[in-house]
Amino acid sequence: MKLWQKATGNKKEVENFTIGRDPEFDIILAPFDVLGSMAHAHMLTKVGLLTSEDNQLLQKGLKEIYYEIEKGQFEIASGVEDVHSQIEFLLTDRYGEVGKKLHSGRSRNDQVLVDLKLYYRAAIRELVEEATTLFDLLIKLADQHKDDLMPGYTHTQLAMPSSFGLWFGSFAEGLSEDMGMLQAAFDLANKNPLGSAAGYGSSFPLDRTYTTELLGFADLHHNVINAQNSRGKAEKTLAFALAGIAGTLNKLASDICLFMNQHFGFISFPDDLTTGSSIMPHKKNPDVFELMRAKTNQIQAVPTTISLLLTNTTTGYHRDLQLLKEEIFPAIDTISNCLSMCTFMLKSIKVKKGILQDPFFKHVFSVEVVNELVLKGIPFRDAYKQVGMGIEANNFSPDQNKISHSHEGSIGNLGLPEISQKMKKAVKGFNFEEIDAAFLKLLS
């Protein structure tokens, strides 16, 4: 029996099709469903829809279930529709009729939505922590290799002098900027939809501000229709945030695959971090970063898929929205895995020294020579032509040890403290401590 079932049930084919992959995602939502229910029960008591005795029993039962989930002892029984039903069945089985009172004043729509918001907040927190760990390593590598020069490229052709410090630092700053989009997703997830019911509110005298405080939300969706319409908007915004991080990791992984190639040989990894060939004994393949390239490309497709899922859905809940979980949940897991794996790999990266001393790379110094001539008073166009003619005549012999870059963000002035400050400011924008305090109070 389903909680909502009346005299007639569904055909098995309809049930299987409509449930889809929900059970595997419901387990992820389980602890958040309990927290939302705890706050809801407190609120029902505050407005007089539950007695103190009822609330004490519900809070006791919900805490029991929460810690069972934490210990991995919770499962959705065969024949039970979803996690929300399982929790209510457990409460009713263990504590009697009081379990049936918990659903007053809410719909499965706002129950699911508050679960999702709480989950997204927690998932974003993990991503921020993983991105910060990778960021710190990139800053460390940038400082460690600030004097190790490498060629820079445009159009995949030799361009100008660069350095590994500049290269590592670019991805660090990129991650700090990716936090901005993640902050936007967090802000949408950090609004309370509980009490919006099926999208049209309730005739019960609910106190939505109270549940907002109990669950540590920064604000609530004031308009109950907008609360429901935020489902999809939050996922799409989060998908774009994940795609931003994925884009940063994708470029890093692509560079690494190229720079590990023997024709470049700029970087290397220990043998136990590469893979071999079944036929070629010499192979040391960058499989980790090749897979990272592919996985991050998959993630960059998610915003489009979510946008298409939301196309032509009118105001109010639609079952189409169930499929959002099939896109966003795996994407969160994948980007998290890519961030942690990137950190793991980069801890062992080896950088080749003295690359630009090879005469092969002499042409990357052409702009350096042009600028020297300009500083001596020669007009830029004349200096450019003079150096260009020398290159064509094959008599260009620059000093390949001389680099004079001093402005902000250049080889000689990486701006690592400023980039670190950007990341620190970005991370500070998430109110994780307030959420922790709210949950500790709720579970105490």
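Predicted model: local features only at pLDDT ≥ 70, side-chain atom pairs only at ≥ 80, totals over all residues.
**Entry 1: L215 and the nonpolar cores**

Setting aside its neighbours within four places in sequence, I found L215 in contact with L35, G36, A39, V114, L118, R121, L194, A438, F439 and L442. I then looked up the largest nonpolar core, which has 115 residues. L215 is among those with the most contacts inside this core, together with L35, L182, I267 and L346. Helix α6 gives the core its largest share, 18 residues. I also noted a second, separate core of five residues, including L373, A383, V387 and F396.

**Entry 2: Helices α6 and α15**

I recalled that two packed helices are described by the angle between their axes and the distance between the axes. For α6 (residues 108-144) and α15 (residues 432-443), I noted an angle of about 130 degrees and axes 12 Å apart. That angle makes α6 oblique to α15. The crossing of the two helices is left-handed. I asked which residues make the contact. From α6 they are L118, R121, R125 and V128, and from α15 they are F432, I435, D436 and F439. Sorted by class, this contact of α6 with α15 has five nonpolar and three charged residues, but no polar ones.

**Entry 3: T248**

I next looked up T248, which lies in helix α9 (residues 224-260). Is T248 buried or exposed? T248 counts as buried, because its relative accessibility is 14% and the cut-off for buried is under 20%. Leaving aside neighbours within four places in sequence, I found T248 in contact with F171, G174, L175 and D178.

Note on methods:
Residues numbered from 1 in each chain as written. Heavy atoms only, no water. Axes fitted to C-alpha atoms, helices over the stretch in contact; angles between N-to-C directions. Helix = DSSP H or I, 4+ residues; strand = E, 2+ residues; numbered from the N terminus. Parallel < 35°, antiparallel > 145°, perpendicular 65-115°, else oblique. Left-handed = near helix turned anticlockwise from the far one by under 90°. Contact = heavy atoms within 4.5 Å. Nonpolar A, V, L, I, M, F, W, Y, C, P; charged D, E, K, R; others polar. Core = buried A, V, L, I, M, F, W, Y, C linked by side-chain atoms within 4.5 Å. Buried < 20%, exposed > 50% of the residue type's maximum accessible area, 1.4 Å probe, protein only.
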